[in-house]
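Please read the points below with the model open beside you. Each one takes up a single topic and can be checked by eye.

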Amino acid sequence: MTGRTHELKADKTTVGRVEDNVFQIAEPSVSSHHCEVLVQGKDVIVRDLNSTNGTYVNGEKVNEGPLKPGQILRLGQVEMRLETDAPAPSVPKKLDQTMVMQRGVQLSELERGARGGFDTKSTGFSKKDNKANRIVITVCVVLGAVIVCLLVYVFAIAKS
């Protein structure tokens, strides 16, 4: 993904692994619907969507926070940098490991037919609950208890 760019054309850009995101990142460490990048006037805000591996700005985990030009946004193991037309402050990261996200168009241009964002509240997406792990652990505990009981029974019979 080195060198890949995405221009922020909408007020809300969804970022994640699956195709219904505005900016798709097909990488296993990125959640299906990882975060939203919101353009509010001249500010860019990043909002985590209960991702599994977290959303980080310059190495600090954020649920929601500002993203300034030149800062590194990390989703899972993917890093990218916000760039604007203005010169960004120097960032001590290798450029070959980042992606460029540029600012986009006005809302009035968006109303002419751009793809919309992803609203997690109305679609019912939430953090995954791993029921399979709980079932496997429960079965292992029950089997362990049965084996211990059988061993106690066998030793009791052997002593009689």
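**Notes on the model**

1. **A charged pair.** E36 and K12 make a salt bridge in which the closest N and O atoms are 3.7 Å apart. E36 belongs to strand 4 and K12 to strand 2 (residues 12-16), so this pair ties together parts that are 24 residues apart in sequence. Please keep in mind that the model is predicted.

2. **Cover on the two partners.** K12 has a relative accessibility of 25% and so counts as partly exposed.

3. R47 is partly exposed, at a relative accessible area of 27%.

4. E64 sits in strand 8 (residues 64-66) and R47 in strand 5, so the pair ties together parts that are 17 residues apart in sequence. E64 is partly exposed, and its relative accessible area is 47%.

5. **The network.** Through shared partners, salt bridges join K12, E36, R47 and E64 into one network. The structure holds 3 salt bridges. As a general point, side chains of opposite charge can pair when their charged atoms come close.

6. **Rings.** R74 lies over the face of Y56, at 4.1 Å from the ring centre. The count of aromatic pairs in the structure is 0.

7. **The nonpolar core.** How many residues are in the largest nonpolar core? It has 18, and the residues with the most contacts inside it are V15, I25, L67, L73, L75 and M80. Two or more residues of this core come from each of strand 4 (35-40), strand 5 (43-48), strand 9 (72-75) and strand 10 (78-83). In general, nonpolar side chains tend to be buried together in soluble globular proteins.

8. **A buried histidine.** Where is H34 found? H34 is in the loop between strand 3 (23-24) and strand 4. H34 is buried, with a relative accessible area of 0%. Leaving aside residues up to four places away in sequence, H34 touches V15, G16, S29, D48, L49, S51, G54, T55, L75 and G76. For L75, which is 41 residues from H34 along the chain, the C-alpha atoms of the two are separated by 7.3 Å.

9. **Two residues with positive phi.** N50 has a phi near 55°, which is a positive value in a residue other than glycine. N50 lies in the loop between strand 5 and strand 6 (55-57). N58 is not a glycine either, and its phi is positive at about 50°. N58 is in the loop between strand 6 and strand 7 (60-61). N58 is partly exposed, with a relative accessible area of 42%.

10. **The whole chain.** The protein chain has 3 helices and 11 strands. What order do these elements follow from the N terminus on? The order is β-β-β-β-β-β-β-β-β-β-β-α-α-α. Of the 160 residues in the protein chain, 32% are buried. Among contacts with a separation of 6 or more, 37% involve residues 24 or more positions apart.

11. **Surface.** The protein chain exposes about 10,400 Å². Carbon and sulfur atoms supply 55% of that area.

Notes: Residues numbered from 1 in each chain as written. Predicted model: local features only at pLDDT ≥ 70, side-chain atom pairs only at ≥ 80, totals over all residues. Heavy atoms only, no water. Core = buried A, V, L, I, M, F, W, Y, C linked by side-chain atoms within 4.5 Å. Buried < 20%, exposed > 50% of the residue type's maximum accessible area, 1.4 Å probe, protein only. Helix = DSSP H or I, 4+ residues; strand = E, 2+ residues; numbered from the N terminus. Contact = heavy atoms within 4.5 Å. Areas by Shrake-Rupley, 256 points an atom, 1.4 Å probe, with all protein chains shown as cover. Phe/Tyr/Trp six-rings, centres within 6.5 Å; stacked < 30°, edge-to-face > 60°. Lys NZ or Arg CZ within 6 Å of the ring centre and 35° of its normal. Salt bridge = Lys/Arg side-chain N within 4 Å of Asp/Glu carboxyl O.
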